Structures are given as structure tokens and as C-alpha cells.
Amino acid sequence: MTAYQRAIAQFEAIFGSSPQIVTVAPGRVNLIGEHTDYNEGFVLPIAIDRHLCVAARGRPDQTVRVAAADLNDTDEFPLTEIVRDERGSWRNYPRGVAWVIQQNGVALKGIDAVIASDIPIGAGLSSSAAMEVGFALTLLHFAKAEVPCPTLAQWCQRAEHEFAGVQCGIMDQMIALLGKEQHALLLDCRDLSHELVPLPKGIAFVIADTGVPRTLAASEYNIRRAQCGEAVKVLSELLGRPLRSLRDVTLDELGQVFNEMPDPLRRRARHVLTENSRVLAFQQAMREGALRRAGSLLLASHASLRDDYEVSCRELDAMVSALMSVEGVFGARLTGAGFGGACLAMVREDAVERVLTETPPRYKQLLGENSPESTLFAVHPSDGAQVRPL
Ligand code: GLA
């Protein structure tokens with residue numbers, strides 16, 4: 001059964017009636033532009049054909065009851081008093097978005113809901129943003145309220161900051177709302193302006209999950225974010241002008257003061273600035289169908305994330321090598337926050353089957369006896385979240 005069918009079936013089993021709507025929210029994979037969004041930089045994600053679905057029905061009162069079908073777990077909270085679940089669980093996403101929507105003056109109504117998902121959790125495919133966006137659209141539907149995109153993405157981001165405790169950027173929520181079939185989204189995180197980039201025919205994207213859970217992701221993520229803030233301060237002093245973010249510095253300027261900057265701050269800054277230019281070069285290559293050039297940019301991104309930003313790990317590096325050893329792979333890199341999770345590979349469409357079968361044994365071979373189990377699958381650029389009435 002798909003997540004869509006599971007959400008409906010579980011809803012009927014738990015609540016004894018049919019849902020009125022199912023909200024379908026996609027996972028995402030970032031093609032390039034990693035750890036740039038919270039530095040006011042560029043990103044180029046796609047929404048993928050793996051979804052989180054929220055089956056729901058309105059209630060006459062102010063209670064939200066929600067079941068997570070795949071986790072066999074439930075939650076119930078009053079809209080009049082929403083608090084964080086201190087144990088830190090999936091509950092904080094529905095609670096967080098309900099809280100943030102009301103903080104912004106929208107009066108919500110109670111709902112019964114069941115969540116089911118086909119997005120692997122912990123692989124860096126942003127199942128959390130899908131849950132935020134999916135649940136937010138569901139609540140807004142029953143409140144008969146519409147909130148336009150950049151604003152709703154920002155509200156969901158705030159829910160993640162305040163309820164889940166991760167100081168994430170804006171990329172995941174934006175792409176979960178704005179994705180489009182056969183397109184990537186070029187997003188300027190400085191002013192949230194965006195543009196759809198058509199993807200060339202004949203290529204496919206493969207997700208290669210290393211099987212390593214992203215245990216350090218939350219804590220190390222927040223550390224990286226703080227280091228970028230520090231780098232901005234140091235650069236402001238060295239360059240003698242106030243800077244708001246790393247976006248205000250050119251690579252040339254960084255080069256001039258590089259030796260005077262403390263490590264690792266200077267390497268963190270170098271990753272962000274070089275990655276921004278790689279995003280722009282990559283989207284240009286996509287428009288021109290320059291696949292080899294695009295592939296080299298993916299590899300350069302991985303090297304920069306590994307050496308300058310230090311968010312890779314042995315398994316992610318091994319996965320990139322394993323993928324690159326298969327014929328028909330243009331490029332590969334870690335995707336998402338890093339510290340485990342998945343790699344993305346851009347491959348020739350007719351090579352997908354070969355990549356899926358030949359990569360896992362090579363990955364195992366590179367890592368030896370204790371190699372974790374990898375999981376590979378192809379994804380397709382898909383549409384953003386939608387509320388579907390039944
Ligand atoms: C996580 C965050 C995003 C982004 C990426 C790294 O997925 O949620 O906002 O910062 O890491 O590029």
C-alpha cells in the first residue's frame with residue numbers, strides 16, 4: 001500500500017469514518033547548494049515522488065487528534081494550549097505548526113488526522129519539512145485560511161526552530177511547497193526569489209542511502225551555523241565594513257584575508273562561497289544539457305563539503321566512490337545536512353538499473369566487514385504539496 005492508501009485505511013480504522021481530505025507533501029533532494037540556505041545563498045532542490053500524506057477530517061471543537069500510522073503512535077492536544085513534547089519526537093511537527101499558525105493570528109479548528117509516509121526517515125530527504133508543510137496545509141484547509149508561499153514556508157521553518165530545536169534554513173519548506181514535475185527550483189535564500197529550472201531529458205537521479213543514521217546532524221548542524229555567524233563577524237573586521245551574511249563577501253575578498261582568518265572559520269566560509277558559484281554554474285549546465293560539466297560540479301561540491309565544511313563521513317565518501325565506479329554516473333555527492341544519510345547521483349537514464357545493482361556490492365567492498373546496508377532508489381522531480389478533497 002502507498003502512503004496515500006495507508007493514511008486513508010488507518011484513518012477509517014482509528015476514527016471509524018472516512019477522511020474529508022488527504023494532503024500530499026513531497027520529500028526533497030537538493031541537487032546542489034548545501035549549507036548555503038542559512039547563509040543567504042543559492043540552492044537547487046527538487047521535490048521527489050516520495051510523499052507524506054495527511055488524511056484528515058474537521059472536528060467541531062478545539063482538539064487535534066493525530067496518529068502516525070507508520071510509527072503506531074498517537075498524539076492529542078488542545079489548540080488552546082500547545083506545548084512542546086520535551087521527549088523530542090514527531091509530535092513536535094504537528095504541534096509546532098499549529099502553534100506557529102495561531103501565533104500569526106489565524107484561528108484554527110480541531111481535526112482528526114492520520115499521517116503516513118513513504119519518505120525514508122533520517123536519510124536527509126526532509127521528511128520533517130514534508131510533515132510540517134503537509135500538516136500546516138491541512139490545518140489551514142479546515143480553518144478556511146490561505147497563506148501564500150514564502151510566508152507559509154517561513155512559518156514552518158519557525159516551527160522547526162522552536163519545537164524541533166533545529167536551526168534549519170528555508171530550503172526544505174520552500175521546495176516542499178513549490179516543487180514542479182521535471183523541474184528543479186533555483187532559490188535565492190537572500191530574498192526568497194525563485195525560478196523553475198527545466199531538467200534535461202535522458203538523466204535520472206538516484207538516492208543512495210548509506211544506512212548510517214544522521215546522529216550528529218542536529219548538534220553539528222547548529223555548530224556549523226554558529227561558525228558561519230562567527231566567520232561573518234571576523235570578515236567584517238578584516239574587510240572593514242559591516243556584513244550581514246557570507247553572501248556579502250566575494251571569493252576574491254575571502255582570498256585576500258584568508259591567511260589572517262582562524263581555522264576552521266575560513267574553510268567554512270570558503271565552502272559557502274564556492275558552493276554558491278557551483279549552484280549557478282550547475283543550473284546553467286542543466287539548461288544547456290552539459291551533463292559532464294554538471295557531474296563535475298557535483299563532485300566538487302562533495303569534496304568541499306568533506307574537506308572545508310567537514311560534514312561528510314567515511315560511509316558517504318565510500319558511497320560517492322562506489323557510485324562513480326559504475327558506468328553511466330555523471331556525478332555524485334552527499335545531500336542534505338550530512339553526517340550520514342544519503343548521497344545523490346546524477347546518472348544516464350538507461351544506466352539506472354545498473355547503478356542500483358552494481359553500487360551496493362562496491363560500497364560493501366570499500367567499507368569491509370562492518371559495512372552498513374545501503375538502500376538505493378531512483379527519484380523523479382515532482383510537484384509540491386497539495387490538498388486533495390476526497
Ligand atoms: C538541512 C536543513 C536545510 C539545509 C540543509 C543543508 O536539510 O533543513 O535548511 O540547511 O540541511 O544544506
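Biologist: In which sense do strands β8 and β10 pair, and over how many bridges?

Modeller: Two strands count as paired if DSSP finds at least two bridges between them. Strands here are DSSP runs of E with at least two residues, helices are runs of H or I with at least four residues, and both are numbered from the N terminus. β8 and β10 (residues 342–348) pair in the antiparallel sense over 7 bridges, and D209 has A342 in β10 as its bridge partner. β8 also pairs with β11 (residues 375–379), again antiparallel, over 5 bridges; there A208 stands opposite L376.

Biologist: Before going on, what kind of model is this?

Modeller: This is a predicted model, in which local features need pLDDT of at least 70 and side-chain atom pairs count only at pLDDT 80 or more, while totals for chains, interfaces and linings use all residues. Residues are numbered from 1 along each chain as its sequence is written, and side-chain values use heavy atoms, with hydrogens and water left out.

Biologist: How many residues of β8 are buried?

Modeller: Buried means under 20% relative accessible area, exposed means over 50%, and partly exposed lies in between, with a 1.4 Å probe and protein chains only. In β8 (residues 203–209), 7 of the 7 residues are buried, so the strand is largely enclosed by the rest of the structure. I203, F205, I207 and D209 point one way, A204, V206 and A208 point the other way, and all are buried.

Biologist: Which residues surround the ligand?

Modeller: A residue is near a molecule if one of its heavy atoms lies within 4 Å of it. The residues around the ligand include R28, E34, Y38, C168, M171, D172, Y221 and A337.

Biologist: Is L192 buried or exposed?

Modeller: L192 is buried, with a relative accessible area of 13%. L192 lies in the loop between β6 (183–188) and β7 (193–198) and has a positive phi of about 65° although it is not a glycine.

Biologist: Which residues does the cis peptide bond join?

Modeller: The cis bond joins D263 and P264, with omega about 10°. P264 lies in the loop between α7 (251–257) and α8.

Biologist: With which side chain does the side chain of R267 make a polar contact?

Modeller: A polar contact is a pair of N or O atoms within 3.5 Å; within protein, one must be able to donate a hydrogen and the other to accept it, and residues adjacent in sequence count only if both atoms are side-chain atoms. The partner of R267 is the side chain of D263, at 2.8 Å. R267 lies in α8 (residues 265–288) and counts as buried at 16% relative accessibility.
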